[in-house]
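Hi everyone, thanks for making time this morning. Have a look at the model on the screen, and I'll walk you through it.

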Amino acid sequence: MSQPTLTYFDIPTSRGEECRLALFIAGVPFTDERLSLEQWQSRKASAPFGALPIFASEGRPTLSQSNAILRMLGSQHGLLPADPWESARHEAVMCAVEEMRAKLGPTNRLKDPAEKQAAREALARTYFPEWCAQVEQQITGPFLGGAALSVADLKLFVAMGPLLAGKIDHVPTDVFEPFPKLAALVGAVEQHPKVVAWYAR
Ligand SMILES: N[C@@H](CCC(=O)N[C@@H](CS)C(=O)NCC(=O)O)C(=O)O
């Protein structure tokens, strides 16, 4: 049986990266397929929901939607709690990350610099403090559910790392200062030996 394939763009951020990290940490040998935008155009129509990442495994229908892929990998490989209620709580945080991306993502596509700045500053003033406060309340520490790393931690790390590091223009890092558990979680994932190993490859 051939190894499964995770298909995404060749960028170290966002939804595909969190799936690659989960596969690597779980120790699953996989084909890390990275598409250029041109290659993607010819594949888009065949993707289940017209978007990446997708995860293909022999004998199974191709899986789409990052949270579904993460949930499946998490349940199969001990990267989600065994308790269904606690596992659903982790999934709720992953859904919250997708909601946050739905707010931030459109600002990436704004062409007018003044418009982009205004949109990002508005998110920094109102949306992010509220969203982070909600997520902060969910974190046991250091990881979401305590000592064990989960796929929800990987998703928070990939989504929040650039924001906490000040890499997103017009979203100042002091927005995140009132949320020490969130910062500690992102730091703990970054220092996890398997995450370090993934970025050292
Ligand atoms: N809800 C989907 C969103 C997928 C999504 O928007 N993927 C982007 C990349 S992160 C994409 O494929 N963009 C190219 C396109 O839509 O053609 C998920 O969580 O996987």
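Helices (H or I, at least four residues) and strands (E, at least two) are DSSP runs, numbered from the N terminus.

Before going on, a word on the ground rules. This is a predicted model, and local features need pLDDT of at least 70, side-chain atom pairs count only at pLDDT 80 or more, and totals for chains, interfaces and linings use all residues. Residues are numbered from 1 along each chain as its sequence is written.

Back to α3. What covers its buried residues? As for geometry, α3 has 12 residues and spans 16 Å from first C-alpha to last, close to the expected 16 Å at 1.5 Å a residue. That expectation is 1.5 Å times one less than the number of residues in the helix.

**The ligand shell**

Which residues are around the ligand? They are S14, R15, K44, A51, L52, P53, Q65, S66, N67 and E98. The criterion is a C-beta atom, placed from the backbone, within 6 Å of the molecule. Two elements give two or more residues to this shell: α1 (14-26) and α3 (66-77). By class, the shell has 3 nonpolar, 4 polar and 3 charged residues. For the classes, Ala, Val, Leu, Ile, Met, Phe, Trp, Tyr, Cys and Pro count as nonpolar, Asp, Glu, Lys and Arg as charged, and the others, Gly among them, as polar.

S14 sits in helix α1, and its phi is positive, about 70°, although S14 is not a glycine. Is S14 buried or partly exposed? S14 counts as partly exposed because it has 19 C-beta neighbours inside 10 Å. L52 and P53 are joined by a cis peptide bond, with omega about 10°. P53 is in the loop between α2 (37-43) and β3.

For context, most residues other than glycine have a negative phi, and most peptide bonds are trans. Away from that list, a cis peptide bond also joins G141 and P142, where omega is about -5°. P142 lies in the loop between α5 and α6. H170, in the loop between α6 and α7, is not a glycine and has a positive phi near 70°. With 15 C-beta neighbours inside 10 Å, H170 counts as partly exposed.

The largest nonpolar core has 45 residues, and A22, V151, L156, M160, L182, L185 and V186 touch the most other members. At least two residues each come from β1 (5-9), α1, β3, α3, α4, α5 (113-138), α6 and α7 (180-191). The largest share is that of α6, with 10 residues. Such a core is a set of buried Ala, Val, Leu, Ile, Met, Phe, Trp, Tyr and Cys residues joined through C-beta atoms within 7 Å. In soluble globular proteins, nonpolar side chains tend to be buried together.

Zooming out, the protein has 8 helices and 4 strands, in the order β-α-β-α-β-β-α-α-α-α-α-α from the N terminus. Buried residues make up 31% of its 201 residues. Its radius of gyration is 17 Å, which agrees with the value near 17 Å for a compact globule of 201 residues. The radius is taken over C-alpha atoms, and the globule rule is 2.2 Å times the number of residues to the power 0.38. Along its principal axes, the C-alpha trace spans about 50 × 40 × 30 Å. Among contacts between residues at least 6 apart in sequence, 70% join residues at least 24 apart.

One last stop: R60, in the loop between β3 and β4, counts as exposed, since it has 10 C-beta neighbours inside 10 Å. R60 and F128 are 38 Å apart, C-alpha to C-alpha.

Terms used. Buried ≥ 20, exposed ≤ 12 C-beta atoms within 10 Å, placed from the backbone. Contact = placed C-beta atoms within 7 Å.
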